[in-house]
Amino acid sequence: MRIYREGDAGREVLDIQQRLTDLGHELPSGERDGAFGRGTDAAVRAFQAERHLHVDGRVGPDTWGQLVEAGFRLGDRTLFVHGPYLRGDDVRALQRKLDALGFDPGKQDGVYGPQTEGAVRDFQRNVGDTPDGVAGLHTLATLERMRPLDDVLGRGLVRETEQLRAIQGKVRGAVIAIDAGGSGTEPGDVRQALARALAAELLRIGAEPHVIHAGDGAASTRAAVANDMAAGAVVSLHLGEDAPESSGPTCSYFGSHVTYSPAGRHLAEMILEELERERGVRGRLQRLSIAMLRETRMPAVQVEALVPANEAEAALLRAPDAVVGIGRAIGEGVRRFFEG
């Protein structure tokens, strides 16, 4: 989709503004007419921050998708497995309630997929209803009568923490998906060079790297590719778009305001430590709810090794040895994640 930012105007911008105000984000009185000004930029940034998205004031696929999802409340629509999967805050609320009652919907990612459907079927079976996997008004009313708590630790989060112990010692032969897709606004040749350097390091330590290219489609499509190959982990390569004064690597893992991926966080920590050692600078660890991290079923990280807007870091992109060193550092982080 087109990316909307300050200076744009039109019906699409008006739609964005209406959704922001419906969600409680104030806009200046003179800026609700489809003109993307400073007030809209500030509201977009506030929304992105609360949803754990890249805070850049731009409305691209991830921000637009979550603007739409945030408008759904549990009971607004009937939920069922649909192609593509239904997404929304209503699905996330359903997953949280099922989790609290002991029915396992997987991670609370707001995606109504087979595991969430299975949890709905188990709940329906448990209360004596027809187990059709459809969360309609009757099923939701029955669920509410159970008075599920909202602050219970998710079963998916607990299970993933336990699975970390089983991962250790299995880097040899592990399939590692390298997402070189990016956002479509970065120098593709640099991402490909980083992907090749990382793949070479993974081969050296005995893993099986598979590169997913930009041509494989949008982030959701590339996440499905990683899922289909049953990868043991995903490393998504990205180039930071921060201000020129920004520097240092950033490693991100799936997380929202209600949940996160323990395995993804651990993998991000290992890679960040190695990048900091390689680069000799401090980096950042952060939660993100972008599609590539949210929709993959294995530990996944997004690695922003450099900020091209920073002249010193941009120079590293033109240095083959530096790119190889970054790939080596990421690979070493992956090895440490698997071997403990």
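This is a predicted model: local features need pLDDT of at least 70, side-chain atom pairs count only at pLDDT 80 or more; totals for chains, interfaces and linings use all residues.

Me: How many salt bridges does a search of the whole structure find?

Reply: The search finds 20 salt bridges.

Me: Start with Lys97. Which side chain does it meet in a salt bridge?

Reply: Lys97 pairs with Glu144, at 3.4 Å from N to O. Lys97 belongs to helix 4 (residues 89-100) and Glu144 to helix 6 (residues 137-145), so the bridge ties together parts that are 47 residues apart in sequence.

Me: Is Lys97 buried or exposed?

Reply: Lys97 counts as buried because its relative accessibility is 12%, under the 20% cut-off. Glu144 has 41% and counts as partly exposed.

Me: Next, Asp179. What is its partner, and at what N to O distance?

Reply: Asp179 forms a salt bridge with Arg222, with 2.6 Å from N to O. Asp179 sits in strand 3 (residues 175-179) and Arg222 in helix 9 (residues 219-228), so this pair links parts that are 43 residues apart in sequence.

Me: And what is the relative accessibility of Asp179?

Reply: It is 0%, so Asp179 counts as buried. Arg222 is buried as well, at 6% relative accessibility.

Me: What about Glu339, which residue does it bridge to?

Reply: Glu339 bridges to Arg335, and their closest N and O atoms are 2.8 Å apart. Both lie in helix 13 (residues 320-339), 4 residues apart, which means about one helical turn separates them.

Me: How accessible is Glu339?

Reply: Glu339 has a relative accessible area of 37% and is partly exposed. Arg335 is also partly exposed, at 24% relative accessibility.

Me: Which residues do salt bridges with shared partners join into one network?

Reply: Glu273, Glu274, Arg277 and Arg336 are joined into one network that way.

Me: Changing topic: helix 5 and helix 6. At what angle do their axes cross?

Reply: The axes of helix 5 (residues 114-126) and helix 6 cross at roughly 70° and come within 11 Å. An angle of 65 to 115 degrees counts as roughly perpendicular, and the two helices are therefore described that way.

Me: Which residues meet there?

Reply: On the helix 5 side, Val120, Phe123 and Gln124 make the contact; helix 6 contributes Thr139, Thr142 and Leu143.

Me: And by class, how many are nonpolar, polar and charged?

Reply: The contact of helix 5 with helix 6 has 3 nonpolar and 3 polar residues, and no charged ones.

Conventions. Residues are numbered from 1 along each chain as its sequence is written. Side-chain values use heavy atoms; hydrogens and water are left out. A salt bridge is a side-chain nitrogen of Lys or Arg within 4 Å of a carboxyl oxygen of Asp or Glu. Buried means under 20% relative accessible area, exposed over 50%, partly exposed in between (1.4 Å probe, protein chains only). Axes are lines fitted to C-alpha atoms, for helices over the stretch in contact, and angles run from 0 to 180 degrees between N-to-C directions. Angles under 35 degrees count as roughly parallel, over 145 as roughly antiparallel, 65 to 115 as roughly perpendicular and the rest as oblique. Contact means heavy atoms within 4.5 Å. Ala, Val, Leu, Ile, Met, Phe, Trp, Tyr, Cys and Pro count as nonpolar, Asp, Glu, Lys and Arg as charged, and the others, Gly among them, as polar.
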